[in-house]
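This report covers a pocket and a helix that helps to line it. Please look at the model before reading on.

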Amino acid sequence: MEQQLSRIGKRPKDPPLYDQFVPLDVNKKEGIGSNSLVGCDSIIMLQHDPVYTLGTASDTSFIHDYDDNGDNESRIPIVRIERGGEVTYHGPGQLTVYPILDLRGYNQDIHWYMRALEEAILLALEKAGVAGATREEDVTGVWVSNKKIAACGVKLKRWVTMHGVAVNVDIRSLENFEGIVPCGLEGREVTCVNAAIDGKQYTLQEFAIHMKAALEEIFGITLLSAT
């Protein structure tokens with residue numbers, strides 16, 4: 001699955017106007033009069049090419065053999081983005097989920113939102129037959145047998161969410177984590193859905209079905225295909 005785009009069939013209460021999913025300043029008269037479109041929240045599910053991403057305040061020391069002089073061309077691309085958290089890896093075999101939600105229609109609380117994302121992951125893993133998945137105190141993400149199976153990192157702008165979660169699904173997703181200290185957690189390992197279950201081995205498309213159902217249940221929404 002290269003990319004799956006879905007739209008939420010539930011609009012926020014008293015929905016604001018949108019400009020590329022970022023609310024206009026509704027206190028400005030020209031904002032209200034110049035755009036009559038009512039936005040719709042979206043969720044994007046995709047699989048990235050290999051990349052290491054750094055949060056706004058991430059420490060490059062968590063990337064092994066990182067060259068502070070900038071000579072990192074031969075390695076996996078390194079991109080600094082707007083989310084919180086330390087370095088992580090995205091690549092083939094991993095389902096990355098980007099919710100673009102106006103939390104004014106849900107709950108204006110970033111901690112609630114992070115816990116809701118984790119709960120959706122836990123529910124999706126349960127639907128897939130992964131036993132023993134859990135949260136850990138003082139760290140974000142989801143864990144199985146003391147190994148991290150999913151990461152969360154978000155940013156909010158005017159209560160609209162950006163970035164999201166990444167769930168390691170098949171064994172390919174683990175290949176390049178050895179190049180970093182994932183999320184800055186020394187001594188912690190990573191795992192994937194297919195390593196945590198016996199029998200069935202999931203494709204990204206198959207696990208995405210469980211993730212879609214879990215997001216619908218946790219956020220009380222209906223996801224509609226954009227195609």
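## Terms and model

Helices and strands here are DSSP runs, numbered from the N terminus; a helix is H or I with at least four residues. The model is a predicted one.

## Helix H2

H2 spans residues 110–127. The helix has 18 residues. From first C-alpha to last, H2 reaches 26 Å, close to the 26 Å expected at 1.5 Å a residue.

Both ends have local features. At the start of H2, Asp109 places a side-chain oxygen within 2.9 Å of the backbone nitrogen of His111. Just after H2, Gly129 has a positive phi of about 95°.

Which residues of H2 are buried? They are Tyr113, Met114, Ala116, Leu117, Glu118, Ala120, Ile121, Leu122, Leu123, Ala124 and Leu125.

The buried residues of H2 pack against strands E8, E9, E10, E11 and E12. They also pack against helix H3 (204–219).

## The largest pocket

The largest pocket holds about 510 Å³ of space. Its lining has 31 residues. Closest to the centre are Arg83, Gly84, Gly85, Cys152 and Gly153.

H2 supplies at least two residues of this lining. So do strands E5 (51–54), E7 (88–90), E8 (94–100), E10 (139–144), E11 (147–157) and E12 (160–168). E11 gives the largest share, five residues.

By class, the lining has 14 nonpolar, 12 polar and five charged residues.

Note on methods
Residues are numbered from 1 along each chain as its sequence is written. This is a predicted model: local features need pLDDT of at least 70, side-chain atom pairs count only at pLDDT 80 or more; totals for chains, interfaces and linings use all residues. Side-chain values use heavy atoms; hydrogens and water are left out. On a 1 Å grid over the protein atoms alone, a cavity is a set of points where a 1.4 Å probe fits but cannot get out, and a pocket is an open set with protein on both sides within 12 Å along at least five of seven lines; lining residues have an atom within 4 Å of a point. Grid points are joined across faces, edges and corners, and a volume is the space filled by probe spheres set on the points. Ala, Val, Leu, Ile, Met, Phe, Trp, Tyr, Cys and Pro count as nonpolar, Asp, Glu, Lys and Arg as charged, and the others, Gly among them, as polar. The expected span of a helix is 1.5 Å times one less than its number of residues. Buried means under 20% relative accessible area, exposed over 50%, partly exposed in between (1.4 Å probe, protein chains only). Contact means heavy atoms within 4.5 Å. A polar contact is a pair of N or O atoms within 3.5 Å; within protein, one must be able to donate a hydrogen and the other to accept it, and residues adjacent in sequence count only if both atoms are side-chain atoms.
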